[in-house]
Amino acid sequence: MAHTRHYLMCRPDHFAVEYAINPWMDPSAGADAATAVHQWERLKDAYEELGHTVSLIDPIPGLPDMVFAANGALVVGGRVYGARFASAERAAEGPAYLRWFQENGYGPLMEPTQTNEGEGDFLTLDDVILAGTGFRTAITAHKEAQEFLGRPVVTLQLVDPRYYHLDTALFPIDGSNVAYYPGAFSRGSQEVLRRMFPDAVLASAEDAAVLGLNAVSDGHNVVVNAEAADLSLELKRRGLNVIPVDLSELRKAGGGPKCCTLEIRV
Ligand code: ARG
C-alpha cells in the first residue's frame, strides 16, 4: 500500500562536478547547475503531485554534492543517525544536515563515531535495514546504527566502484521486497539477497548503468530514471505506477532520484 512520505531535499543551486570521488565524476567535463536545478524541480514536483511532503534544507556554497540529501542522515522511528562522510570534500555536510534536524525539533539525534553516508548506504524495510559497505560506509557503522535505532541491520558487500553506495544498486519496492542489480554485490551478499527476497526484481547491467536502481518507491508509485527501460517495464508488469524522471545532469556526479531524497520516518 502506498502511503504519504516526508522527504528532505536540497536545491542544487551550487551543484558542480569539481572533484572526483566516484567513477561517474569527471571534473574536466563539469556540469551545469541551472540544468540540474530544472531537473531537480521536476523531481520535487513529482513527489508533491503524489501527495508527499517535501521539506528543504538550505544549500551551502562550496558543497556541490549537498543536493544528494540521502547521504545526510538516516532517520528511522524519529531517531536521527547522523552522517560522517568518507571524503574530506563532503565532510561539512554531515553536521549541516544534523543541525537541520536539531533545529526542526527532531530527535533523539546521534553524532556518529563511525564513517557512514546516511541513506546512501542504509535502506529501511519494515523488519530490517539493509546496509552497504565496501566503498563509503564502514561496517562498524552498521553496528552503531543497529544499536542506536534498535533495528536489525544486515550488511551487504558492494564490489563494483560504479555502485559505490547501496542505493545505486538496490531500492526497496515496498516494506518487504526490493529491486537490485546482482553484479554490484559480492557472491555471499548475492546469496543473502536471494534468500531474503526470492521475489525481487533483478535489474540488468544496462538499467544499473543509467542509475535505474537509484529509485524511490512509496509501495505503489516508483520514481525512476527515465532511461531504465526494462526495469520500468518489469515494475509496471508487477502493477506498480512508474513515474519516469530525467536527472541526467545530476548523474554526472553519480546521483539519481534517490540520492536527492532523504526520507524522514517518524
Ligand atoms: N558525488 C556524490 C558522491 O560521490 C554522489 C552521491 C550520490 N548519493 C547517493 N545517495 N548515492 O558522494
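In this predicted model, helix H6 spans residues 229-237, and its buried residues are Leu231, Ser232 and Leu235. Viewed down the axis of H6, these buried residues fall within an arc of 100°, so they line one face of the helix. Several elements contribute to the cover over the buried residues of H6, including helix H5 (205-209) and the strands E10 (178-180), E11 (201-202), E13 (221-225) and E14 (241-245). After H6 comes Gly239, which has a positive phi near 90°.

Strand E7 pairs with strand E6 (residues 122-124) in the antiparallel sense, through three bridges, and a hairpin of four residues connects E6 to E7. Within this pairing, Thr124 has Ile129 of E7 as its bridge partner. Strand E7 also pairs with strand E8 (residues 153-157), here in the parallel sense and over five bridges; Gly132 has Leu156 of E8 as its bridge partner.

Beyond its neighbours within four places in sequence, Thr124 is in contact with Val76, Ile129 and Arg265. The contact with Val76 spans 48 residues of sequence, while the C-alpha atoms of Thr124 and Val76 are 7.9 Å apart in space.

Val76 leads on to strand E3 (residues 73-76), where Ala73 and Val75 point one way, Leu74 and Val76 point the other way, and all are buried. In a regular strand the side chains alternate between the two faces of the sheet. Strand E3 runs antiparallel to strand E4 (residues 79-82), and four bridges join them. Val75 stands opposite Val80 in E4. Two residues lie between the strands in the hairpin of E3 and E4, and here Gly77 adopts a positive phi near 60°.

The largest nonpolar core contains 75 residues, and Ala73, Ala169, Leu170 and Leu213 have the most contacts inside it. For Leu170, the contacts beyond four places in sequence are Leu123, Leu130, Val178, Ala179, Tyr180 and Leu213.

A further sheet is open and made of three strands in the order E2-E1-E15, with mixed pairing. Its edge strands are E2 (53-56) and E15 (262-263), each of which pairs on one side only. Strand E1 (residues 6-9) is antiparallel to E15, with two bridges between them, and Tyr7 stands opposite Glu263 in E15.

Finally, the surroundings of the ligand can be described by residue type. The ligand is surrounded by 16 residues, of which Phe68, Gly120, His165, Gly255 and Cys259 are the closest. This shell comprises six nonpolar, seven polar and three charged residues.

Definitions and conventions. Residues numbered from 1 in each chain as written. Predicted model: local features only at pLDDT ≥ 70, side-chain atom pairs only at ≥ 80, totals over all residues. Near = placed C-beta within 6 Å. Nonpolar A, V, L, I, M, F, W, Y, C, P; charged D, E, K, R; others polar. Core = buried A, V, L, I, M, F, W, Y, C linked by C-beta atoms within 7 Å. Buried ≥ 20, exposed ≤ 12 C-beta atoms within 10 Å, placed from the backbone. Contact = placed C-beta atoms within 7 Å. Arc of directions from axis to C-beta. Pairing = 2+ DSSP bridges.
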